[in-house]
Amino acid sequence: MTDIKKGLAGVYVDYTAISKVNPETNSLLYRGYPVQELAATQPFEAVAYLLWHGGLPTDDELAALRATERAHRGLAPEVKAAIDLLPTGAHPMDEIRTAVSVIGATETAGITNVLDAVGTPAENLERSVRLFAALPAIVAYGQRRRRGLDPVEPRDDLDYSANLLWLTFGEEPDPVVVDAVNRSMILYAEHSFNASTFTARVVTSTLSDLYSAVVAAIGALKGPLHGGANEAVLHILNEIGDAANVVPWLDEALGQKRKIMGFGHRVYKRGDSRVPTMKAALDMLIAHYDRPDVAELYETLEREFVSRKGIYPNLDYPSGPAYNLIGFDVLTFTPLFVASRITGWTAHIIEQQSANALIRPLSEYNGPDERHVPGYVADAAALAVADRPEESAG
Ligand code: CMC
């Protein structure tokens, strides 16, 4: 009997030097540094540098990255035009997927040999920084378009998180809010072989290009079992409405065997190591906006759900209400995750290229036994191929 590892649960498929998730000690290390330390001390750009290069930047290295990032913050006209072709009801994750696809097609135009599509590590690092630079403008463009607002131009006197807020709201960002966004960007940046990163690695393993890998990763992240959970958390909190409704709502939801979004994790079973840091950022925002009702609802649902199921919150649980308090559209929450995870995805794409093996697992067939189309007469050549013992399909 073949030992099927459904969902690849518990399967190690490769090495990575980018991050280490340790559910036993409830820790997450980026290139050896605990993520909590990074969130408390670093600007997001320094963490991006760390993920790409393996060490924290010197002042000069950080300044150089910032200069390049700030120089590429604007949106190319063809990207705006492509987004504008989409209906305003399109999900912003579809806008971002389209935008990255357009950037990729533009930047790789002229490559006429598919063997050159994959690019060198140096080219891919440059592509990564340019995508990183463009994403806040893409996210903000979508939210402003849905609200009927003109886009605002990026500001090169602001860091990544502050510029993201400026582009979205067109107002001088408050330092408390910038700090919360910066922390969320760092916490979302990287998480080993999660579904979207693994997707990016699968695409890269075929020697396809970085943009195709990122587009595929965006598709994987959209799902509510993965990044879409931060949006889904808000739908649930809105459905409950008030802390007083938590118990009857939960009775009914669990009676219907609904999944409660923002809880549970494939790897962490005793709590997500990123949650306390993001919860502290949420608490800062709750105090800043004077919204104790948000804390009451959040904590009541957590208490009730954990006591009944023993399943703990994941990062999306505090991130959803934090982004909501700041004023992002609920549909913009997962795109914010993209603006962060682009760093981890691209670090993994470059790592996969550096020691590539085509990712192609096996499946155990459980369909009908061999059968034949009535009236078909096999020719000798087809029979010769069918008789070969090895699997012949790609
Ligand atoms: N609500 C209710 N029941 C749950 C939940 C939940 N959030 N999470 C797990 N369970 C139950 C599940 O129903 C199953 O019960 P049973 O054994 O009785 O059928 C058991 O716990 C195991 O769950 P599973 O879904 O088989 O476990 P998994 O390791 O495949 O799931 C998960 C991990 C994240 C898909 C799941 O916990 C889930 O669906 N959570 C809700 C969505 C969510 O918050 N996703 C974000 C994940 S973390 C951050 C990120 O990637 O963005």
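**Domain arrangement, interface and ligand site**

The protein chain is divided into domain 1 (7–226 + 331–354) and domain 2 (230–324), the bounds coming from an automatic or database domain assignment. The structure is a predicted model, in which local features need pLDDT of at least 70 and side-chain atom pairs count only at pLDDT 80 or more, whereas totals for chains, interfaces and linings use all residues. Residues are numbered from 1 along each chain as its sequence is written, and side-chain values use heavy atoms, with hydrogens and water left out.

The C-alpha centres of the two domains, domain 1 and domain 2, lie 25 Å apart. Across the boundary, 33 residues of domain 1 are in contact with 27 residues of domain 2, contact being defined as heavy atoms within 4.5 Å. Together domain 1 and domain 2 bury about 2,500 Å², of which 62% is on carbon and sulfur atoms; buried area is the accessible area (1.4 Å probe) that two parts lose on being put together, summed over both. Of the area that domain 1 buries against domain 2, 27% is supplied by Leu187, Tyr188 and Phe333, more than by any other three residues.

Between domain 1 and domain 2 there are zero salt bridges, a salt bridge being a side-chain nitrogen of Lys or Arg within 4 Å of a carboxyl oxygen of Asp or Glu. Polar contacts, by comparison, join 12 residue pairs between domain 1 and domain 2 (both residues at pLDDT 80 or more); such a contact is a pair of N or O atoms within 3.5 Å, where within protein one must be able to donate a hydrogen and the other to accept it, and residues adjacent in sequence count only if both atoms are side-chain atoms. On the side of domain 1 that touches domain 2, at least two residues each come from strand 2 (27–30), helix 1 (35–41), helix 8 (175–188) and helix 16 (333–354), with helices (H or I, at least four residues) and strands (E, at least two) taken as DSSP runs numbered from the N terminus. Helix 8 gives the most to this side of domain 1, with nine residues.

The ligand is surrounded by 20 residues, the closest being His226, Ile260, Gly262, Phe263 and Asp316, where a residue counts as near if one of its heavy atoms lies within 4 Å.
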